[in-house]
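Visitor: I have a model open and would like to talk it through. Can we start with how the chains meet?
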Amino acid sequence: MIKFLLPSNIYFFLGKIIKFINSIFFLILIIGLAFALVLSPPDYIQGDSVRIMYVHVPSAWIGLASFSLISLFSILNFVFKTKNLYLINKSIAPIGLLFTSLAVVTGSLWGQPTWGTWWAWDARLTSMIILIFFYVLFILSYKLIKKEDLAVKVSSFLAIIGSINLIIIKYSVEWWSTLHQPASLKLGNSSSIHSSMMLPLMIMLLVLLLYGALIFLMKYKTEIIKMKKKNVKRL
Amino acid sequence: MLTKKVKSRISFLVISIVLLITSVFFILNSLKENVLYFLTPTEAKFKEDLEIGKNIRIGGMVKKGSIYADSKEIKFTITDFKNEILVSFSGTVPNLFAEEKGVVAEGKLKDKNFFVADRILAKHDENYMPPGEKNFLDNNAK
């Protein structure tokens, strides 16, 4: 399995997957936006501002999922010293930062008409800001530290510490009283989102996932090229 | 299969993660009071070191039939179905402010049962549905 993970083997597949995603992305984006903006009904109490949710919720999920992957790969990298995992982490981090910031900004835009405030220092919102800080530190750690061995160590350390923040984000709305509402979707429970709003939410999740995957694959390809170039120089 | 080096790294990792989680747990436990965004009426009632006249937030449900508004102020009752606090507020309330909906009031306690708010925030619940569906559910409930 580790042999399959060698960058040179993966490189050939990347181009094909990127082309495939490019060919279907815009079609799904148009379907998703049509459902989210026009075809889905307004909410019984929030009215049309519910449509912000179709970007906010998937962005938050992807932001959290990206950091979970980074933490997992950092742990695996620490144990097995697979350089490829470090390259993957470097490619995931900017996407995670983008989507986490998007979740915070859209949440703020939603908060003004519904809560009556742009921002509140409650547990959920504060822990999301801390997640953004972890992303920024993670990215800075490999941008600023020139020695690669040290950069790997520092970034893995940040990722593993940051994973505890993920648990706090997840349960913040249950442990403490917050202005942010509790999760609408829970595993094993019936959802409190009506099916006519569930469909656009899921399509938008797919759209944002595909976009994230596209950026990831392109970044990853660049990282592999960079590494090869470095090795050629060394020869 | 695993080499000695890998095994030692795994054990180092497991020990440090366990230590990390315990320390974060203790930190959060000691911060508990500060992390709460608002107090419920019951928490406000039984909190002993609560200073009258200090800025706090009270949150709960707006009691059914308790909203009373005139040209100067709006009065309503925040309840957590055990205890309640009467709130007086002059200013504009958010669109989502309504009876039997969540609310957070920022302001000062005058005494244990009377609260003067500077700002009202509406708390949204986790339910999302189209307007027709809401009528349908209400009819079923009757």
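Guide: One term before the count: contact here means heavy atoms within 4.5 Å. Bear in mind that the model is predicted.

Visitor: Fine. How many residues does the contact take from chain B and from chain A?
Guide: Chain B puts in 36 residues and chain A 41 residues.

Visitor: What area is buried between chain B and chain A?
Guide: About 3,500 Å² is buried between the two chains, and carbon and sulfur atoms give 69% of that.

Visitor: And how many salt bridges does the rule find across that interface?
Guide: Zero salt bridges are found between chain B and chain A. The rule does find ten residue pairs in polar contact across the interface, both residues being at pLDDT 80 or more.

Visitor: Which elements of chain B each supply at least two residues to the side that touches chain A?
Guide: Helix 1 (4-35), strand 6 (114-123) and helix 3 (131-141) of chain B do. Helix 1 of chain B gives the most, with twelve residues.

Visitor: What does that side look like by class?
Guide: The side of chain B that touches chain A has 24 nonpolar, three polar and nine charged residues.

Visitor: Switching topic. How many salt bridges does the structure hold over all chains?
Guide: Over all chains there are ten salt bridges.

Visitor: Which residue does B:Glu106 pair with?
Guide: B:Glu106 forms a salt bridge with B:Arg57, with the closest N and O atoms 3.2 Å apart. B:Glu106 sits in strand 5 (residues 102-111) of chain B and B:Arg57 in strand 1 (residues 55-62) of chain B, so this pair ties together parts 49 residues apart in sequence.

Visitor: Is B:Glu106 buried or exposed, then? What about B:Arg57?
Guide: B:Glu106 counts as buried because its relative accessibility is 18%, and the cut-off for buried is under 20%. B:Arg57 has a relative accessible area of 27%, so B:Arg57 is partly exposed.

Visitor: What else meets B:Glu106 in a salt bridge?
Guide: The side chain of B:Arg119 does, at 3.2 Å from N to O. That pair links distant parts of the chain, with B:Glu106 in strand 5 of chain B and B:Arg119 in strand 6 of chain B, 13 residues apart. B:Arg119 counts as partly exposed, at 33% relative accessibility.

Visitor: Which residues are joined into one network by salt bridges that share partners?
Guide: A:Lys90, A:Lys219, A:Glu223 and A:Lys226 are joined in that way.

Visitor: Back to chain B. What does B:Lys63 bridge to?
Guide: B:Lys63 forms a salt bridge with B:Glu84, the closest N and O atoms being 3.3 Å apart. B:Lys63 is in the loop between strand 1 and strand 2 (68-69) of chain B, while B:Glu84 is in strand 4 (residues 84-89) of chain B, so the pair ties together parts 21 residues apart in sequence.

Visitor: How accessible are B:Lys63 and B:Glu84?
Guide: B:Lys63 is partly exposed at 34% relative accessibility, and B:Glu84 is partly exposed with a relative accessible area of 37%.

Visitor: New topic: how is chain B divided into domains?
Guide: Chain B is split into domain 1 (1-35) and domain 2 (41-123). The C-alpha centres of domain 1 and domain 2 of chain B lie 41 Å apart.

Visitor: Last one. Where is B:Glu48, and is B:Glu48 buried or exposed?
Guide: B:Glu48 is in the loop between helix 2 (41-46) and strand 1 of chain B. With 78% relative accessibility, B:Glu48 counts as exposed. From C-alpha to C-alpha, B:Glu48 and B:Val6 are 53 Å apart in space, and 42 residues apart in sequence.

Terms used
Residues numbered from 1 in each chain as written. Chains lettered and ligands numbered in written order. Predicted model: local features only at pLDDT ≥ 70, side-chain atom pairs only at ≥ 80, totals over all residues. Heavy atoms only, no water. Buried area = accessible area lost by both parts, 1.4 Å probe. Salt bridge = Lys/Arg side-chain N within 4 Å of Asp/Glu carboxyl O. Polar contact = N/O pair within 3.5 Å; in protein donor to acceptor, adjacent residues only side chain to side chain. Helix = DSSP H or I, 4+ residues; strand = E, 2+ residues; numbered from the N terminus. Nonpolar A, V, L, I, M, F, W, Y, C, P; charged D, E, K, R; others polar. Domains from an automatic or database assignment. Buried < 20%, exposed > 50% of the residue type's maximum accessible area, 1.4 Å probe, protein only.
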